[in-house]
Amino acid sequence: QVQLVESGGGLVQAGGSLRLSCVASGIGFSINAMGWYRQAPGKQREWVAVIINGGTTNYADSVKGRFTISRENAKSTVYLQMNSLKPEDTAVYYCNADVRLLLQQTSRNYWGQGTQVTVSS
């Protein structure tokens with residue numbers, strides 16, 4: 001099994017910055033892709049950004065130019081640098097990983113527990 005643990009959320013004023021981190025841990029796995037989703041109160045969970053093996057990244061239009069996703073392969077860690085934050089970015093942010101389980105020779109999807117980001121106006 002694989003566990004994802006996020007950190008770095010908090011309260012920030014509009015225009016400020018935060019960096020989220022997500023560490024994947026476990027035995028016998030490799031990561032195909034890691035990404036971030038978010039869920040605001042009363043809304044559905046939405047995709048934010050993804051980074052695929054090889055370093056290809058993609059972003060939701062709502063965060064493009066403000067957020068940057070990066071990955072530190074040696075530490076199985078993905079980051080989300082969030083700049084120019086807006087009140088509408090307020091949400092619980094979830095880490096997601098598409099993982100190859102080496103022993104089972106199958107791929108599975110995992111979620112972290114979420115970290116709260118609150119942007120005040």
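What percentage of the 121 residues of the protein count as buried? The share is 41%, where buried means under 20% relative accessible area, exposed means over 50%, and partly exposed lies in between (1.4 Å probe, protein chains only).

The model is predicted, so local features need pLDDT of at least 70 and side-chain atom pairs count only at pLDDT 80 or more, while totals for chains, interfaces and linings use all residues. Residues are numbered from 1 along each chain as its sequence is written, and side-chain values use heavy atoms, with hydrogens and water left out.

**Figure 1. The overall fold is built from 11 strands and 0 helices.** Helices (H or I, at least four residues) and strands (E, at least two) are DSSP runs, numbered from the N terminus. The radius of gyration is 14 Å, close to the 14 Å that the globule rule gives for 121 residues, so the protein is as compact as a globular protein of that length; the radius is taken over C-alpha atoms, and the rule is 2.2 Å times the number of residues to the power 0.38. Along the principal axes, the C-alpha trace spans about 50 × 25 × 20 Å.

**Figure 2. A search of the whole structure finds 1 aromatic pair.** The ring centres of Tyr37 and Trp111 are 4.9 Å apart and the ring planes meet at 65°, so the pair is edge-to-face. Rings of Phe, Tyr and Trp (its six-membered ring) pair if their centres lie within 6.5 Å, with planes under 30 degrees apart counted as stacked, over 60 as edge-to-face and the rest as tilted. Because Tyr37 belongs to strand E4 (residues 29–39) and Trp111 to strand E10 (residues 106–111), the pair ties together parts that are 74 residues apart in sequence. Tyr37 is partly exposed at 24% relative accessibility, and Trp111, at 39%, also counts as partly exposed.

**Figure 3. Arg45 lies over the face of Trp111, at 4.6 Å from the ring centre.** The charged end of Arg45 also sits over the ring of Tyr94, 3.7 Å from its centre. A charge sits over a ring if NZ of Lys or CZ of Arg is within 6 Å of the ring centre and within 35 degrees of the ring normal.

**Figure 4. Ser76 and Ser84 are loop residues with positive phi.** Most residues other than glycine have a negative phi. Ser76, with phi near 50°, is found between strand E7 (67–72) and strand E8 (77–82), and is buried at 18% relative accessibility. Ser84, with phi of about 50°, lies between E8 and strand E9 (91–101) and is partly exposed, at 40%.
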